[in-house]
Amino acid sequence: MSWHSEVEQFLENKNFEQVILFYEHEIETNPDNLNNYWYLGLAYLLNENYEDCESVWLLPFLQVGDKEIEIVNQNFLGILTEEAERQEELNQLNISIFIREKIQEINPTLSNLIKLFLLKLSNNSFYIEMINQYNCVKIVNNHDQFSEPEINLVINFLEKLLDIPHQLTLDFVKTIYPKLKNNSQFRELLTDKIEVMAEQKRFLIYGAKLLEITLINQPQNLEIIRQIFIYYSQARSYENAKLMALEYLKYSSSLIEKVFASYQLLLNAIESGEWLNIQGYYLQYQENLNNLVKQQPEIKEKYLFTWLANIGQLLLYINDEPIKNRQLINGIGQLFEIQAHKYYNCPVHFSEKSKVSRKLKIGYIGHTLRSHSVGLLSRWLIQNHDRTYFSIYTYFACQQNDYITEKFFINNVDQAYNATNVVNDFITQIEKDEIDILVDLDSFTHNLTAMIMALKPAPIQVSWLGMDSNGIPNIDYFIADPYVLPDDAHKYYQEKIWRLPNTYLGINGFEIDVPNLTRKDLEIGENGIIFFNVQSALKRNPHTIHLQMKIIKAVPNSYLLIKGLGDEQITKNLFITIAEQERVDRTRLRFLERSPTEAIHRANLQIADVVLDTYPYNGATTTLETLWMEIPLVTRVGEQFAARNSYTFMMNAGITEGIAWSDEEYIEWGIKLGTDENLRKKVRWKLRQSKKTSPLWNGKQFAREMEKAYQQMWKIYVSQQIKQPDGGNK
C-alpha cells in the first residue's frame with residue numbers, strides 16, 4: 001500500500017492542503033475504505049496539524065468491532081511503517097519520530113523502538129531516561145530470538161548508547177548481553193568501548209561495571225576479574241577493587257594466579273590506606289613471591305605474564321630490606337624476561353651502522369612523559385641535551401599526551417614515536433631508529449615498557465628515575481649517585497650500578513602558582529607549628545606515622561597536615577587510631593583535599609614549618625618540591641633506593657639538618673626543627689642559597705654528566721664488540 005498516485009505530485013511539492021482535500025473527498029465517497037483515514041491523518045501530520053491527525057486516526061477504531069480490531073491495527077501499522085521509512089529517506093526526522101512513537105504506542109516492538117532511538121539520537125532529542133520511559137528492558141526480555149536485522153539495529157544503537165555513562169546504559173547492556181554474547185561484532189564493540197572509557201580516567205568505574213556484565217556467563221574468568229580490579233583501583237574505588245581481588249583469590253588455582261591474588265589484595269590495602277590490616281596479606285604475598293622465584297614456572301596465561309614485571313614493587317613500601325627484596329625482584333625480572341622471549345618472536349640485530357662514527361642516539365621510553373612526576377623531572381635533561389653529539393628520541397608507551405609532552409618531549413627531540421600497546425611495533429621502530437642507548441623511565445610502573453626492555457631492542461639499556469630497577473637481566477645499567485645507594489649495593493643488584501658524580505637527578509625547578517590555603521582556613525594560629533605529611537597512602541607506613549605522632553606530642557602547639565591519595569575515611573581512621581595510641585589529640589590533625597593544580601599545591605607547601613618524610617619509601621618529587629619551596633624536611637635514611645631519595649637530594653642541596661639514621665634521630669630532628677625557629681630559618685637560608693650553586697638545581701650540568709656517562713657506556717660497549725664481534729646481542 002502507498003499514497004494514491006493522484007497525490008504524488010502534491011506530496012513532492014509539499015502542497016499538503018491538496019492532499020488533505022483529496023483524502024477528505026475519498027472518505028466522503030468511500031467511507032468504508034479505512035486506508036483513506038490513515039492517509040488523511042498522515043496528510044494532516046505532514047501539514048503539522050497534529051490534533052486533527054490524531055482525531056482522524058481514532059475514527060476507524062470507533063467503527064469496527066473487537067474481532068476486526070487486530071486486522072485494522074495491522075493495516076494501520078503497515079502504512080505507518082512505510083511512511084516512517086519514506087520520511088527517513090527524505091531526512092524528515094521529526095515526522096518519522098512522531099510516526100514511530102505512534103507505532104510503539106500501538107504495538108511495542110524492539111525493532112521499531114531501536115529505530116526510534118536511533119532517530120532521536122540523530123536529531124539530538126534522545127536522553128538516557130527514555131530507556132525506562134519506553135520499557136526498553138522489558139521489551140528486550142520478552143524478545144526470545146533476534147533476527148540478523150535486529151542484531152544489526154541493536155549494535156548500531158549500542159555504538160552510540162555506550163558513550164553515555166549511566167546506570168540505565170548498564171541496565172540495557174546487562175539485559176541484552178545474554179542474547180548477543182556469541183555475536184563477535186557485539187563482543188568487539190563492547191571491548192572497544194570499555195577500553196575507550198578506561199582511557200578517559202573519569203569513566204573508569206563505568207568501564208569496570210560494563211566489564212562486570214561480561215562475567216554473567218563466565219564468573220570464573222580470572223583475566224576479566226583482574227582487569228576489573230585494575231579499573232577500580234585506578235578509579236580509587238577501593239571497596240569494589242577489594243571485592244574483585246577476593247573474587248580473583250576465590251578462583252585462583254595455579255601458583256602464578258595465587259601470586260597475583262595476594263598482590264592485588266595487598267596493593268588495594270595499602271593504596272587505600274588500610275595499613276593496619278595488611279599483615280596477613282603481606283605474609284601471603286611474600287610467601288608466594290618466594291615460591292615463584294624458586295620454582296620459576298612457565299606462565300601459560302599471557303595476561304599474567306604481561307603484568308609479571310610489576311608485582312615486586314610492593315616490597316619497597318613494606319620493609320627496608322634491599323638484599324632480601326632484590327633477590328626476589330631479580331628473580332621475578334629473570335622469569336619475566338624468559339617468558340617475554342617465549343611470547344614474542346621479534347629478534348633484534350643491532351645495525352652495523354651503530355659502529356660507524358656518528359652522533360650517539362639516545363632513546364627515552366615511558367608512559368609518563370607528560371604532566372606527571374617523571375615527566376616533570378626528566379624534561380630538563382631532554383631540554384638540555386647537547387645536539388652536537390647526541391640525537392634524542394622519545395617513545396611514548398600508551399600515554400595520553402599533554403602540553404608537557406608537546407613542549408618538552410615532542411618539539412624538543414629529533415623524533416617522537418607514539419603508538420598503542422603493540423610490542424613488536426615499538427621493537428621495530430627502535431631498531432629502525434638505530435638507537436644506541438635506550439633509557440627506561442618507568443621501572444615497575446608499566447608492563448609495556450618492561451616488555452620492550454626485556455626484549456632488548458637497543459645494544460645498551462639503562463634504567464633511570466623510576467621507583468627502582470626492576471631486575472630485568474637485559475637492562476645493563478642503573479643510574480645512581482654517591483648517596484642514593486649504599487656502597488655495597490652492587491652485590492645485590494642484577495644491573496651494573498652507574499654512579500654519577502653528584503646526583504642522579506638535576507632539575508631547573510618547578511612552576512609555582514598562588515596559594516589558596518591559609519592558617520585561618522585550618523583554624524591554626526600564627527604561633528602554631530605546622531608539620532606536613534604530603535604522600536600517597538602507599539607510603540603511609542604506620543611505623544613512621546607513630547614517629548610523627550611522637551613529634552607532634554613533644555612539640556607544643558603543633559599540628560600535622562595530611563594530604564595525598566587514598567580513601568578519605570580510611571586515611572582518617574589510620575591517623576586518628578595511631579594518634580590515640582600515642583595520646584595525641586585528634587584535633588591536632590588536619591586532613592587536606594587535593595589542590596586544584598600541582599602549581600597551587602607547591603605554593604600551599606609554604607604554609608608548613610617542617611615537612612615530615614615517609615619511610616621506608618621516601619618522597620622523591622615531593623621532597624624536591626619541599627626543598628625548592630625552601631622548607632625544612634625530616635627524613636629517615638634507609639638502605640634501599642626508595643629510602644634514600646630524600647637523603648641524596650638534601651646532601652646535594654647542602655643541608656644535613658633533618659637527615660636521620662634511626663627512628664630516634666627522626667624524632668629528635670622533628671622536635672629540634674619544630675621548636676627552634678632559628679634552626680628553621682638557617683635551613684631555609686641554606687636552601688635559598690643552594691639554588692645558585694647546587695647540582696640538584698642545575699639541569700644543564702646534570703645533562704653534561706649524563707651525556708658523559710652515555711659516552712663512557714658506549715665506549716665500553718664498542719671495546720667489547722672489538723673483543724667479541726659476534727657477542728653484541730645479550
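The buried residues of α4 are covered by elements including α3 (35-46), α5 (69-89) and α6 (93-106); helices here are DSSP runs of H or I with at least four residues, strands are runs of E with at least two, and both are numbered from the N terminus. Covering rests on contact, meaning heavy atoms within 4.5 Å. This is a predicted model, in which local features need pLDDT of at least 70 and side-chain atom pairs count only at pLDDT 80 or more, while totals for chains, interfaces and linings use all residues. Residues are numbered from 1 along each chain as its sequence is written, and side-chain values use heavy atoms, with hydrogens and water left out.

Helix α4 spans residues 50-63, and its buried residues are Cys53, Val56, Trp57 and Pro60. Buried means under 20% relative accessible area, exposed over 50%, and partly exposed in between (1.4 Å probe, protein chains only). Seen down the axis of α4, the buried residues fall within an arc of 95 degrees, so they line one face of the helix; the arc is that of the directions from the helix axis to the C-beta atoms. An α-helix has 3.6 residues a turn, so residues three or four places apart point the same way. Glu51 and Leu62 are exposed, on the face of α4 turned away from its buried side.

## Packing of α3 on α5

The axes of α3 and α5 are 10 Å apart and the helices pack at an angle of about 35 degrees. Axes are lines fitted to C-alpha atoms, for helices over the stretch in contact, with angles running from 0 to 180 degrees between N-to-C directions.

From α3, the residues in contact are Asn35, Trp38, Tyr39, Leu42 and Leu46. Their partners in α5 include Val72, Phe76, Ile79 and Arg86.

## Asn516

Asn516 sits in the loop between β7 (496-499) and α25 (519-522). Asn516 is partly exposed, at a relative accessible area of 43%. Beyond its neighbours within four places in sequence, Asn516 contacts Asp521, Pro596, Ile600 and Asn604. With Asn604 there is a side-chain to side-chain polar contact of 2.8 Å (a pair of N or O atoms within 3.5 Å; within protein, one must be able to donate a hydrogen and the other to accept it, and residues adjacent in sequence count only if both atoms are side-chain atoms).

## Thr626

Thr626 belongs to helix α29 (residues 621-628) and is buried, with a relative accessible area of 0%. A polar atom of the Thr626 side chain lies 2.8 Å from the backbone oxygen of Thr622.
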